[in-house]
Structures are given as C-alpha cells and as structure tokens.
Amino acid sequence: MRTLIVLAAAGLLGGGATDVIDRRISERWESERLRPAPAADDYEYFRRLSLDLRGVIPTPDEIRAFAADPDPAKREKTVDAWLRSDAFAAWWSRRWADDLTLYPTGKVQVVHGLFRDWLRDAVRSNMPYDRFAKRLLTAKGPSDLDPAVGFLAAGLFNSKEDGSKDIVERTARVFLGMQIRCAECHDHPFDDWTQQDFMGMAAFFWQARSEVRGGGGTESQIGMIVDDATRGEPGFAAAEKAVKKPEEPKAGKTPGPAKQSVGPRYKSTGGGVGENESRRAAFARLLTADRQFARAAVNRHWGLLIGRGLLHPLDGFSAGRKPSHPELLEELSDEFIRTGYDVRKLLRSILLSKPYQLSSRRPGAEESAARLFTQAPVAPLLPEQLFESVVRATGFDESKPNPKGKGGPGGDSFREAFFREFKASVAANEPPVPVTDPTISQALYFLNGELVARGTSAAAEFRLARLLEREKDGAKRLEELFLMTLSRPPKSRETEALLARVRKAGDSPRIYEDIFWALLNSTEFVTRH
Amino acid sequence: MCELDRRSFLRIGLGATAAASLSPALMAQDAAARAKAKAVIVLFMEGGPSHIDTFDPKPGQDTNGPFKAIDTAAKGIQICEHLPRIAAEMNSLSIIRSLTSKEGDHGRGQYVLHTGHVPEAATSHPGIGAYVSRETGTPGSALPNFITIQLRGRVPGPAFLANDHAPYPVERPGDPISNIRYATGVDVLRFNERMHVLEDLETSFAGEHGAGFIQKRREAYHKADELMHTPQLRAFDLKEEDEKLRDSYGRTPFGQGCLLARRLVERGVKFVEVGLGGWDTHGDNFNKIRGNLDALDPAFATLVRDLRERNLLKETLVVWMGEFGRTPRINGQNGRDHWPKVFSMVMGGGGIEGGRLVGSSDAGGFEIKDRPVTVEDYASTLYHCVGIDAKKQTVNEFGRPIRILNGGAPVRELL
C-alpha cells in the first residue's frame, strides 16, 4: 500500500507517464522489428512545439536562444512555460471551439463569442477535464453570466427538433470518441449501439430548449437553456430490419412498426436520473464516471499532438475496434484519472515522450510508420496557423487596409480575406474540416497574392529591407531568411546553391525577394513536421 | 530552357490527376450516355426570395402584397409583374410551386439546397457542384469544372472528394480573377526564376520526408500555373461580348455574372453558380426586393434566350432557387420572414420541358396544395439530367459509405 502511494507520488512529478509511453511504444517497435526515425533536433522540436502549443512558428530570436541554451532540461522548461502562456490558452481553446461548435450562424454568433472567451479561460486555468465537461453539459445561461452555455445554446437553438440529438452526437464524438449518429435511424451496423440506446442518451437533453432573452437587437440575443418537462420523451419508429418479431400478424393490415418512446438511460452503464437531479446533471455525472470518458480524453490529446490517435480516427471507438497500444491507453487513462483529470499534465507527458520527439525526416516509410508512431508525420498547417506564421515570418502589418478586400470602406482585412480563401470549402454551419491539399485558388493566393508579395517585398517599409540594411553578408542573410520561415538554418548545400543565385543576380534585393517568396511557398513552410 | 524545366517539374503532378479521374468517368459512362445536360447553371438567391413575390403570385389574396400578376408566354402560368422578360421566356422554363424543406435557418437551408442532405454534425456532404465536377468533369481541363460567381463561403465544398472539385470562386465578374496575374514587379522570367528556387526547396524536402504530401501541392500548383497561362482565360473577359448583349443582361454584377456563366459553360465548365443576395427582407420587403427583381429579370431572361440562340439551352440545365421562401403573411414591418414549408423553384433547359407547372401551394401560399417536391427530388432531377447515378456510393474520409443522395426521385413531369 505504502509503495503504491509512493509510486503514485512519483507519477505526479511528471516523468512517470512519459516513461510509460516510452516503454510501451518502444516495446512494440522491438517486437515488430521497426526502427524509429532519429530524434528530432532542437530546431525541428522547437518549431513543432510552437505550432502545436501556440499556433504559430517561433521567431528567429526565440530559435537562437533555444538552440544556444546549454540546459539539458530546456525542452521541459519550454513545455512548462508555454503550457502556461496566454498564447497556448488562445490557441488551444480555438481548437476546442472547432469541436464544440454547432452551427454558429445568426443569433448564436453572439453567444459564441462569449463562449470562446470562456473556453480560453478554462484552458488558462487548466480546468479539470471532468469539470469542464460537466460545466458544458449542465450550463443554464444566460450566456453573459454563464458563457459555458454556448455549446448547448448553439446546438439546441438552430435545429429545434434535432437539437438534443446533435448535442448527444457531438458529446459522444468529443467526450467518448464515438460516432453514434447511425443509431439514430437504425441499429448501428458495425457496433452494439441500438436505436433505443441512442434515444435513451438523447432523452437526457430532450426537454432542454435554447431561448433568446429579450425581444430583438444584439444585446438581447443571449442564449439560455430552459428545461421543459412537458416535452415528454423522444420516440422513434424502429427500422424495419430490427422488427422481425412474429408478434405482428394481427387481423387486417399490418400496422407500421409501433412508435416506441424512451426515457433517459446512459448506454454503457444503464444509469438514469437520480432523485432531485436534473436530467443534464445526471448525464454529466454518468458521462464523467464512464471509463470511456478518460480513455477518449487521453486518445484525443494524444492524437492532437502526435497526429494520430492510439485509436484512429479519434472518434472511432466501437465494439470491434482495438487501439494500437491497448495497455498504454489504459495506463494513461489511469494516470489521467489519478491526477484529477489534469489536462496540462497529460499534455506534458506526451510532449516530452519519445514518439513526440522523433524526427519527421525519413523518406519512404510513411504508411507503416503512422500506426506505430515510428516517425513524426508531415501535416498541412491549419488555416490559422498558416496565416499567423506568414504574418510572423514577414512582419507584415495586417492591420493595413487591403486594397483587394471585399465590402465597405477599405474592404475586409487581410486576415478576413485569408480565412475566406482558406476556408472557402467549409460552409459556416459545417463542422470544420482541416484542409488536406490546397485548392487551385489557394495555390494562386500564395503564388501571386498580395499578402505574400508585399510581405516578401524589399521596399523600404518592409522587414526584408531592414534585414538587407543590417546584414551585408550573403550567407548570414540567407540564414536569417531560413530562420524566419523554416525555423532552421540552411544546410551548407542549400546555402551554396542559393549564394550562387545571389551572385548571378549581382546581389540585388530582387533575388532575396525571390528566395523569401520561394521559402513561403515551400511545402516545408506550409506544413507541420 | 527555363520554361521547359519549370514545366517538367510541374508536370509531375499531372499523371496522377489524369489517372485518378479516369475510373469514375468510365463508371459513369452508362448514365452519362442518357444525359441531356452537359452543364448546369444555378442562379442562387441568397437570403430566400418570397415565392409569392416571384413565381407563385396570389392575386386577390391578403398575402399577395402590392405586386400584380401577369400572364406569361406559357398558357395558364402567371408570375410577378416585375419579371416581364422572364415571362416572355416562360415556354423554355418550368416552375415547381411545391418545393418543401424543413430548414428555416439560412446556413442550414443553403446547405440542404446545395447538397441534397440535411446537415449532420458528424458528416460533411460534398456539394452538388462538386459531385457534378467529379463525375462529369473533363480530366486535365485548364478551367476548373466548378465555378461560383459572387458567392463565397456558403457553398459546401468538395468535403471528402478531392480539392480538385472545390468551387473556384470568382468575386467580380468582368474583373480578372483574383491572383491570376503576376504580382507587381514580376514577369514571366522572374516567375520562372522563382519557381526554380522553389523547385530546389521542394526537391530537398521530398528527399528527406518522402513525396507523399508534396504530390498534392504539386498538382494544385501545376493547375494554378496552367490556369494563369491558358488562352481559355479569355472566358473571363466580358469585353469580348457585344455591348448590346451586355446591356441586355443588365449592367449589374448579377447580370454580368450570368453572361460570364454562359461563356464558361461554352468552354466546357460543368457547374456554374451565380449568386444574387439581398432577399432576406424581414422588413420593407416590397421596396427592398424591387432592385433585385430588376436585376434578376433581364439577366435570367437574357441567359435563357442567349443559350437558346446559341443552341446551348438543350444541353445546359438552368436552375433558379433560394434557400427557402418567405412567410405569406406580411409582418408588422411590411416584411416577410423565413418560410421553408412551401416555396418555388424554376428549371429549364438541359432535358427539362418548358412551360410547365409542377405542384401548387394553397390559396394564400401557406401550405402545399398538391404534389410535394422535396429537395432530394430536385437534386435527383438535376443528377438525372446530367447523367449521374445518385445511388452511387462513395467512401468518406473515415471509411464510411456515403451515397450521393439517400432518397428522392426525379420530377417526371419535367422530363
């Protein structure tokens, strides 16, 4: 008993979970005779960490300081500092907002702004994960006093009839890692979810409605949740396949399958609503007590950082599917519960683990590598990461009026125009879809567009002019351009080839513009690797 | 020499694009053989136009408002008095007066009309235009197969289909398309020089990381480069058109957008959508939509006539719609609110018989009186006309099977 407590205390110090990860992941490499990629060097690790935790590439000064720091614990130091930074709170809550956003159109947009602020504060204060889920699911509003209501308010407002189903579907996806929508219309073909199970879950939210307080005007468009017991229970007509029982040969016409109505019942444990307990409070209690809640949380955070879940995809948990490393998933879940659902600790243990710290450099092994984490993946930056990184690399003042903007005086900003371009394939009420490959118009945006063209200009007011002024040595200029964009110094081979071009062009500012332009257009710049 | 090198770098992407597009094209051959429409033009009225104030007038009813109904060239069909030129083309067009949907929110309504699917939290459905691009598009064509004009963001994209089938957005008809020209201070020589520098970086990255991700980018960059330099870009130069014809379409962004749509389908573009906003008139409905009707009437009418005179109408499906209708009852602000229960759609060309009415709303325009037509029925009709088997199943990014449509049947009365 005493040793257990001591071990647990050791785990709390942070090395514990990381050691578990490293041991379990290495075991598999050995048993499958896989050779992992080499460890990421400081430049590779620093850029990846910055993109993952702050949503933007690091600055040349930050990179130089990190590379020069002789402290062997500098990675731990950086992880700890950044996990506590405002930049992390802003970026991480942004990713949460994507997952918790249901149809952010019209009136719900107001609620949504307050909701996003609440998410940011929740991340900043490292709100325990179980409490986070409970707050989201039991919030009553109004949203100016209780902004956590944004999730329910949006889901229940715009899609009146299906709102509770949307909420349950999204909750299961995000907090249980399960896709259960199929079971709305028929028993799940590949899983043990029945229609009855789905409706039993939806019944917890069935009586909740989202309302707008007041009578018109922006101020009053504030969501609140009203529970209305008179709404009864969800009913469903069982799909034909499910009703093969021979109890129907009554006289006359065969009646359609009877509509069944279902009260609240939590699928995996069968739990229901307690005495003096609201339906939503009961659901939140049952959800957070479900072992799958911790499992899905671990898998989700693992997936967001490593690029692929222990179970893939992140919402792919189902009866017939096994994670790649079942013991590891269980052990990390134990640890997560034991730390009181401490998200920061969980993230830290992953960020300092071997698989996270592998290099992405190793051609040809991508497919087999992904499943057992022998190599860091190459993935396109999300639109926000890309925009912020272009701005950081170029020092472009994005508040300047955009001559090609849309709309009123001055048009829309560069930022708005960029998001329009890079999210054009996502409608406002669709779940956000990460762009996997660029569209033609996105390619044109980088090839010829104003933001990249001006950002790389050597005209007096831009950053390149200052660099050329300050630094006269060609190789040093190139090194700075590489740090500004690719977050690493150029290899000697690259320096030589580019210096040859610089000489050929008579060291004109133009050739530096061209190189800067090419760096921003490169796959290395637009990906996280 | 520079030119050759650069092009050979960019061409790497081409083989894969062409190969990937072949198999669906072959599979679609059967349905395609029956197809009448080679292209689709959708005129989308963003905000939701009132059915009563456009194609389903209710003369003599309280719900009608100040606009009168006029006869059209098609016997027994009346439409709003402010659409006289469309009225003259009515023998080429048919009206569905019993379209119905459950979605009264702009975002959701537009999603349904653009995909044929109700929005689901878990799934993104490709837009109809993306499917038409994928199933019928010409592989390797320099112009994108799916182009939207003055519509952005609201059009569902390719979802899990390749980004090749993303809607290509044109913001202002008549202007050169965005970012198609070299940046200031860049000419063809310098562009090539830049591409050389880029090529070195790409080759080096691919050498260390594998070519998997770079391949997709190369394809997009190749297509972008091709689009920049294709003679087909002339399609966007409306100055090539006769001034009188341009006048006839109306010198509005929407009118010129319709003209551009014709020029695009002439050059093989498969799906063009032109937007006209400003229909969300919760107050002062009748004054506010006058301008819209005045822009719509010459543009739509001239498009139909122009296509017909060029012998293109029979192979070009033209659709007019919005995301829903508006309340028959006129509210306290003299406006109309959202009304998805029953609204109107106009179709013509591309295998659709003209001069017909399908279904009807009741006396006041509140409910369907007969022959409900669902959005799925509309989408089925469209897919039927262009020769796509809507039961076809695709697998989405998570390996889940998704049908082009889950139900619905073509509106036989129009075929």
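1. Of the 233 residues in the largest nonpolar core, those that touch the most other members are B:Val40, B:Val272, B:Phe300, B:Val319 and B:Leu382; such a core is a set of buried Ala, Val, Leu, Ile, Met, Phe, Trp, Tyr and Cys residues joined through C-beta atoms within 7 Å. Helix 10 (residues 285-309) of chain B supplies the largest share of this core, 9 residues, where helices (H or I, at least four residues) and strands (E, at least two) are DSSP runs numbered from the N terminus. This is a predicted model, in which local features need pLDDT of at least 70 and side-chain atom pairs count only at pLDDT 80 or more, while totals for chains, interfaces and linings use all residues. Residues are numbered from 1 along each chain as its sequence is written, and chains are lettered from A and ligands numbered from 1 in the order in which they are written.

2. Leaving aside neighbours within four places in sequence, B:Val272 is in contact with B:Ile41, B:Ile147, B:Ile149, B:Ala261, B:Leu264 and B:Val265, a contact being a pair of residues whose C-beta atoms, placed from the backbone, lie within 7 Å.

3. B:Glu219, in helix 7 (residues 212-229) of chain B, counts as buried because it has 25 C-beta neighbours inside 10 Å; the cut-offs are 20 or more other C-beta atoms within 10 Å for buried, 12 or fewer for exposed, and anything in between for partly exposed, with C-beta atoms placed from the backbone. B:Glu219 lies 9.1 Å from B:Asp164, C-alpha to C-alpha, although the two are 55 residues apart in sequence.

4. In chain A, which has 26 helices and 6 strands, buried residues make up 45% of the 529 residues.

5. Two cis peptide bonds deserve a check in chain A: one joins A:Gly141 and A:Pro142, with omega about -5°, and another runs from A:His312 to A:Pro313, with omega near -5°. A:Pro142 is found in the loop between helix 8 (129-138) and helix 9 (150-158), whereas A:Pro313 lies in the loop between helix 14 (291-306) and helix 15 (326-338). Most residues other than glycine have a negative phi, and most peptide bonds are trans.

6. A:Asp507, not a glycine, has a positive phi of about 60° and lies in the loop between helix 24 (492-504) and helix 25 (509-521) of chain A; with 15 C-beta neighbours inside 10 Å, A:Asp507 counts as partly exposed. B:Asn334 also has a positive phi of about 60° without being a glycine, and its place is in the loop between strand 9 (325-326) and strand 10 (338-339) of chain B.

Methods: Two residues are in contact if their C-beta atoms, placed from the backbone, lie within 7 Å.
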